[in-house]
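This report describes a structure for a reader who is new to it. The text follows directly after the display.

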Amino acid sequence: MTEATARKIPPDPMLPEVTRVRRRRRETHDVWTLALEAPPGTGFGPGQFNMLCLPGVGEVPISMSGDPERGGLVHTIRAVGAVSTALAGLKPGAQLGLRGPFGSTWPLAAAAGRDVVIMAGGLGLAPLRPLLYRLFARPRDYGRITLLYGTRSPDDILFERELQRWRDRAGANVLVTVDHAAGDWRGPVGVVTSLLQPGQFDPGNSIACICGPEVMMRFSIGNLIDMGLPAESIYLSMERNMKCAVGHCGHCQFGPAFVCRDGPVFRYDRVRALFGLKEF
Amino acid sequence: MSDDLKERGREGLERIVLEHPFFTTLAEHHVRLAAGCAKNVRFREGEYLLHEGDPANEFYLLREGRVALEINAPGRPGIIIQTLGPGEVVGVSWLVSPYRWTFDARALEPVRAISLDAACLRGKCESDHDLGFAMMNCFVPLLTQRLQATRLQLLDVYGRHD
């Protein structure tokens, strides 16, 4: 499913549908992936998110991390707060509430015929995975595909088998770095921007998609611009305190935009004035 | 070795130093001065290029292979804080007093590098301040870049912040 055919918000977007966990997979010591039963008519575009809830516990926005074309709803969740810990602990068959999908999508159409640079930090790889599935499904539609992924340590690397598969079968330039490692780690150690090298992409005919902590995105954007990539060719996925997910409550207001409704994927030049402002 | 061979070897070394990405901003006559302190070196996988606490007597321009910078703490295995590859430099402590290494550097794979004699180069920088300024222009951006990267790593942006 592409941005043009992403599922419409249901008639009452505030009313959760009840669904169940189909499968649960542990990714790292604190990250799990849940595959949910998809209610009829379910579809989504890469980059979109759902609101997942447990009665009496709470509701949180979680990005889709599965392949939009293969059906099913896949979410990768880090057990970090009360709600996400409860969600990550759900076993197959357990019920939960689902609203969505919500939000904007990664610009697949704009990527056609161009080099694509994807920069992911930590759990930020999860919202980018649907985009990667679609890019690698039709690699001839795009130029060179480069995935640069930085995370905390070798134990925190997500989707290792897929990273290897994309590297081996799709011929993509997939580089992973960690912030620190023990002596047995064979890969790069350093910040994700250290993976950027001249010649990886044509600055005049590329787009970049970035998702991760805002500090990481800020430095990544700075490096990409220094390498000649125009601001209007950079897309990022923002994270704010999303509650209603339909632009009513204002919790995720970001200047004139609502991250839940107008984002989470934004073109950088459209949010540049606000991006990185202190306490904003 | 005949004088002719030595001369050809020196010219080869000058060319390698001249073409190394780290010294692209250096003027050719400065590169020739620096190359006078240079020699080719190789390290086997697992071999240490330098050890924490040792005098910083030389630094390395990497040509092939990757190197891990490590810090050791009591009771835990060595922690890799950065990896470096071809085109990069191992060692900046040679430039500032007290000229001692502050980490270990271990070859992760077979490494080919140019070793530069630090005392020799410091001496040339002392007597030719233009060369000293040019070297600083090469190393200060590197120091800034590594400081910035270290700060980002210290922020632990991918960690839990609950």
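A:Tyr235 touches A:Trp106, A:Pro107, A:Ile207, A:Ala208, A:Cys209, A:Val265, A:Phe266, A:Arg267 and A:Tyr268, leaving aside residues up to four places away in sequence; two residues are in contact if their C-beta atoms, placed from the backbone, lie within 7 Å. The model is predicted: local features need pLDDT of at least 70 and side-chain atom pairs count only at pLDDT 80 or more, whereas totals for chains, interfaces and linings use all residues. Residues are numbered from 1 along each chain as its sequence is written, while chains are lettered from A and ligands numbered from 1 in the order in which they are written.

A:Tyr235, A:Ile118 and A:Ala208 have the most contacts inside the largest nonpolar core, which has 76 residues. Such a core is a set of buried Ala, Val, Leu, Ile, Met, Phe, Trp, Tyr and Cys residues joined through C-beta atoms within 7 Å. A residue is buried if 20 or more other C-beta atoms lie within 10 Å of its own, exposed if 12 or fewer, and partly exposed in between, with C-beta atoms placed from the backbone. Helix H3 (residues 125-137) of chain A gives the largest share of this core, 6 residues. Helices (H or I, at least four residues) and strands (E, at least two) are DSSP runs, numbered from the N terminus. Domain 1 (17-102) and domain 2 (108-237) of chain A both contribute residues to this core, so it lies between them. A second, separate core of 41 residues includes A:Val189, B:Phe23, B:Tyr60 and B:Met135. In soluble globular proteins, nonpolar side chains tend to be buried together.

The bounds of the two domains of chain A, 17-102 and 108-237, come from the domain assignment, which is an automatic or database one. The C-alpha centres of domain 1 and domain 2 of chain A lie 24 Å apart. Their contact takes 15 residues from domain 1 of chain A and 14 residues from domain 2 of chain A. On the side of domain 1 that touches domain 2, strand E1 (17-28) and strand E5 (73-78) of chain A are the elements that give two or more residues.

Chain A also meets chain B, in a contact that takes 23 residues from chain A and 20 residues from chain B. Strand E10 (181-182) and helix H5 (214-226) of chain A each supply at least two residues of the chain A side, and H5(A) gives the largest share, 3 residues. Across the two chains, A:Ala182 has B:Ile79 in E5(B) as its bridge partner.

Chain B has 4 helices and 8 strands. Of its 162 residues, 32% are buried. In strand E3 (residues 58-64) of chain B, 5 of the 7 residues are buried. Within this strand, B:Leu62 stands opposite B:Ala113 in E8(B), and B:Leu61 stands opposite B:Val89 in E6(B).

The table lists strand pairs; two strands pair if DSSP finds at least two bridges between them.

| Strand | Partner strand | Sense and bridges |
|---|---|---|
| E3(B), residues 58-64 | E8(B), residues 111-117 | antiparallel, 6 bridges |
| E3(B), residues 58-64 | E6(B), residues 89-90 | antiparallel, 2 bridges |
| E10(A), residues 181-182 | E5(B), residues 76-84 | antiparallel, 2 bridges |
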